[in-house]
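Please keep the model open while reading.

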Amino acid sequence: MTPQEVLEFAKAHDARQVDLRFADIPGLHHHITYPISQLTEDSFEEGFGIDGSSIRGWAAINESDMLLIPDPGTAYIDPFFEVPTLVMSGNVIDPITRQHYERDPRYIAQKAERYLNNTGVADTIYFGAEAEFFIFDNVRFDSNVHSGFYFIDAEEGRWNTGREENNLGYRPRYKEGYFPVPPTDHYMDLRGEMVQTMIKCGLNIECHHHEVATGGQCEIDQKFDTMVKSADNMMLYKYIVRNVAYQYGKSVTFMPKPLFGDNGSGMHCHQSLWKSGRPLFAGDGYAGLSELALYYIGGLLKHARALSAIIAPTTNSYKRLVPGYEAPVNLAYSRRNRSAAVRIPMYSASPKAKRVEFRPPDPSCNPYMAFAAMLMAGIDGILTRSDPGEPLDKDIYDLSPEEMKNVPSMPASLDEALDCLESDHAFLTRGDVFTEDLVETFISYKRKHEADAVRLRPHPYEFSLYYDI
């Protein structure tokens with residue numbers, strides 16, 4: 001929509017407020033709300049002033065004045081507020097220089113799309129991200145000087161089979177929650193309402209289903225779109241999933257590994273390059289791929305260990321990315337092997353459907369930064385003609401120790417991932433997509449507030465292991 005069309009859209013829906021949203025570096029959504037009378041056509045040029053000093057990873061207090069410029073192409077009516085409210089994503093602008101703010105994650109994704117076009121390799125990158133999540137009925141946690149614990153519960157959790165009260169017995173077994181019909185699948189109606197709300201807000205949904213784990217693991221799949229739009233859609237997706245669940249008296253988490261001993265939540269990312277309306281990944285090579293697609297895969301694999309800090313950016317991410325548990329930790333590609341980091345889906349022979357699926361990302365990431373980083377790695381692979389090596393078509397569990405030595409793997413911790421990013425990020429800074437300042441800020445924030453913060457605290461299980469040592 002144009003700015004004028006947005007104003008007409010707001011009037012047609014009797015919007016009383018306008019809500020502007022943006023993301024911080026870790027990927028948390030923020031918003032600020034104004035009476036609709038404050039929104040004029042000039043607002044799309046002049047913007048709205050905000051204080052950025054308290055936003056994680058943003059400016060110091062002496063440089064905190066920012067402008068939010070509404071993006072008219074992102075407008076929709078919020079489905080949850082009692083007061084009719086128009087919502088738009090905002091681009092963050094420096095009020096003095098009128099330049100985009102380099103630490104605005106959405107701007108990073110916009111720069112990555114522009115960089116792709118400038119290379120001449122392609123003019124469009126499509127992303128289709130599959131974010132999994134858990135639905136819980138109760139969550140408690142705390143960490144302080146003398147104690148630390150978490151407790152989560154789900155009516156659907158297999159651990160509740162022995163409960164005395166209100167127990168009807170239908171619950172997915174551990175690692176057997178894939179596609180059961182109700183009543184074993186407790187959340188058909190809840191997911192259905194999530195999907196209908198998403199459609200109402202403009203998202204294009206392909207399907208929804210229960211996932212492998214017990215305790216309410218689910219997935220709703222969106223149709224692919226251009227990169228920035230897909231990242232916008234992922235932010236909206238997570239917002240809707242959380243709020244619909246909250247209305248049902250339930251809580252959703254996108255933590256990659258909230259349950260011990262069962263599957264974690266990933267965010268497999270399907271990617272394809274196009275130019276002048278023509279798909280570039282289809283060819284006559286392995287699994288129907290073009291040479292360019294294989295180079296793109298080569299870039300993803302070459303930089304996967306550095307990418308891990310951005311695409312799997314939490315200490316909890318590495319409780320999912322563990323070798324031997326069907327996790328996509330092996331830095332290889334395959335047409336079917338789901339333990340390989342890159343899979344080539346074989347559902348359709350159509351050139352338009354040819355894509356690569358990068359499996360290590362999880363939904364705790366900031367989609368703007370994660371999608372941009374994957375694109376930059378793929379472009380680097382194309383420009384440097386990176387050979388992805390031989391495909392890994394064997395069952396990983398049938399490989400000998402000698403064969404396994406030749407298959408590199410993802411980092412085993414956030415600390416290791418940050419070390420990899422620190423030593424390998426030149427590919428991200430091409431075209432000034434990720435600035436050195438942004439990379440340094442990201443690494444510093446993650447080390448201090450997450451990796452170090454977790455490492456310094458005693459873990460509850462350590463008391464089981466060591467209290468009587």
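R21, F22, A23, H29, S89, G90, D104, P105, R106 and Y368 line the second largest cavity. Two or more of these lining residues come from each of β1 (17-23), β6 (85-93) and α3 (105-119). The model is a predicted one. A search of the whole structure turns up three cavities of 30 Å³ or more.

**Second largest cavity**
- Its volume is about 50 Å³.
- β1 supplies the largest share of the lining, with three residues.
- By class, the lining divides into four nonpolar, three polar and three charged residues.

**Largest cavity**
- The largest cavity holds about 60 Å³ of space.
- The residues that line the largest cavity are F127, G128, A129, Q222, K223, S230, N233, M234 and F371.
- Four of the lining residues are nonpolar, four are polar and one is charged.

**Helix α5**
- What span should α5 have at 1.5 Å a residue, and how far apart are its end C-alpha atoms?
- The 21 residues of α5 should span 30 Å, and the end C-alpha atoms lie 30 Å apart, which agrees.
- How many of the 21 residues of α5 are buried?
- The count is 16, so α5 is mostly covered, with buried meaning under 20% relative accessible area.
- An α-helix has 3.6 residues a turn, so residues three or four places apart point the same way.
- G249 follows α5 and has a positive phi, near 75°.

**Residue A304**
- A304 sits in helix α7, which covers residues 304-311.
- Is A304 buried or exposed?
- A304 is buried, because its relative accessible area is 0% and the cut-off for buried is under 20%.
- Leaving out residues up to four places away in sequence, A304 touches L331, F358 and M410.
- How far from A304 does H186 lie in sequence and in space?
- A304 and H186 are separated by 118 residues in sequence and by 36 Å in space, C-alpha to C-alpha.

- β1 gives three residues to the lining of the second largest cavity.

Key:
Residues are numbered from 1 along each chain as its sequence is written. This is a predicted model: local features need pLDDT of at least 70, side-chain atom pairs count only at pLDDT 80 or more; totals for chains, interfaces and linings use all residues. Side-chain values use heavy atoms; hydrogens and water are left out. On a 1 Å grid over the protein atoms alone, a cavity is a set of points where a 1.4 Å probe fits but cannot get out, and a pocket is an open set with protein on both sides within 12 Å along at least five of seven lines; lining residues have an atom within 4 Å of a point. Grid points are joined across faces, edges and corners, and a volume is the space filled by probe spheres set on the points. Ala, Val, Leu, Ile, Met, Phe, Trp, Tyr, Cys and Pro count as nonpolar, Asp, Glu, Lys and Arg as charged, and the others, Gly among them, as polar. Helices (H or I, at least four residues) and strands (E, at least two) are DSSP runs, numbered from the N terminus. The expected span of a helix is 1.5 Å times one less than its number of residues. Buried means under 20% relative accessible area, exposed over 50%, partly exposed in between (1.4 Å probe, protein chains only). Contact means heavy atoms within 4.5 Å.
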